[in-house]
Amino acid sequence: MILESHAVGPFFENGFVVGCPRTREAVLIDPGDDVNDLLALAREHVLTIVHILLTHAHVDHVTGVAAAKEACGAPVWLHRDDLPLYEYAEQQGRLYGLTVRRPPPVDRYYDTSVIPFGDFDVRAWHTPGHCPGGVCLQIGPRGTAGAHLFVGDTLFAGSIGRTDLPGGDYL
């Protein structure tokens, strides 16, 4: 598996490119302000992005979705419960003094389906709390459970996920 990550300010959110070394197909996970760096990493590895996967729709995870969609044309995936947050990305940005480009419409919503790319599968696990539609993305070789888990903001280093942001579950 090819795995690259990058984070830039102002939020230093982690975005990822995960690719298949045989087929050169890849997924782009949480393209935020780091989207240009992530797309450059995909080009460096000669990868074709076939899915844009969002762990949730807080502004730091979606600021680069429009640019990613324009660059690769891949479908955008999101959990349906986060659609209100996604649709208000521009307003979320203004809360932090940022100008955010309107993200494109969501193409597909996570369900129990496996999302294939190359020789790998992605399984989305609904993990609300940080926000209503948060998911963890489990990736592994086709037909296996997968040992790599991309958690978005469900977990933070040294603590559990934050629940005090818009849509969070304070309970």
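In β8, which residue is the bridge partner of phenylalanine 117? Please start there, then show me what lies around that part and elsewhere in the chain.

Reply: The bridge partner is phenylalanine 120, in β8. A word of caution comes first: this is a predicted model.

β7 covers residues 115-117. β8 covers residues 120-126. They pair in the antiparallel sense, over three bridges.

Now look at the side chains of the two phenylalanines. Phenylalanine 117 and phenylalanine 120 also form an aromatic pair. Their ring centres are 5.7 Å apart, centre to centre. The angle between the planes is 20°. Planes under 30 degrees apart count as stacked, so this pair is stacked. Phenylalanine 117 is buried, with a relative accessible area of 0%. Phenylalanine 120 is buried too, at 8%. Both values fall under the 20% cut-off for buried.

Step back to the sheet. It is open and has four strands, in the order β7-β8-β9-β10. The pairing is antiparallel. β7 stands at one edge and β10 (148-150) at the other. Each has a single partner strand, so one side of each is left without a neighbour in the sheet. On average, neighbouring strands here are turned by 25° against each other, direction ignored.

Follow the chain on from β8. The loop between β8 and β9 (135-141) holds glycine 129. Glycine 129 is buried, with a relative accessible area of 15%. Threonine 154 is 25 residues from glycine 129 in sequence. In space, their C-alpha atoms are 7.6 Å apart.

Back to the rings. A search of the whole structure finds three aromatic pairs. Another of them joins tryptophan 77 and tyrosine 110. Their ring centres lie 5.8 Å apart and their planes meet at 25°, so this pair is stacked. The pair links distant parts of the chain, 33 residues apart. Tryptophan 77 sits in strand β5 (residues 76-78). Tyrosine 110 sits in the loop between β6 (108-109) and β7. Both residues are buried.

Next, helix α3. It spans residues 65-72 and contains lysine 69. At 21% relative accessibility, lysine 69 counts as partly exposed. Lysine 69 touches residues including Ile52, Pro75, Val76 and Asp107, leaving aside those up to four places away in sequence. Isoleucine 139 is 70 residues from lysine 69 along the chain, and their C-alpha atoms are separated by 21 Å.

The buried residues of α1 are Val35, Leu38, Leu39, Leu41 and Ala42. They cover an arc of only 155° around the axis, which puts them on the same side of α1. On the other side, Asn36, Arg43 and Glu44 are exposed. After α1 comes valine 46, whose phi is positive, near 55°.

To return to your question: phenylalanine 117 and its bridge partner phenylalanine 120 are also a stacked aromatic pair.

Technical notes
Residues numbered from 1 in each chain as written. Predicted model: local features only at pLDDT ≥ 70, side-chain atom pairs only at ≥ 80, totals over all residues. Heavy atoms only, no water. Buried < 20%, exposed > 50% of the residue type's maximum accessible area, 1.4 Å probe, protein only. Helix = DSSP H or I, 4+ residues; strand = E, 2+ residues; numbered from the N terminus. Arc of directions from axis to C-beta. Contact = heavy atoms within 4.5 Å. Phe/Tyr/Trp six-rings, centres within 6.5 Å; stacked < 30°, edge-to-face > 60°. Pairing = 2+ DSSP bridges. Axes fitted to C-alpha atoms, helices over the stretch in contact; angles between N-to-C directions.
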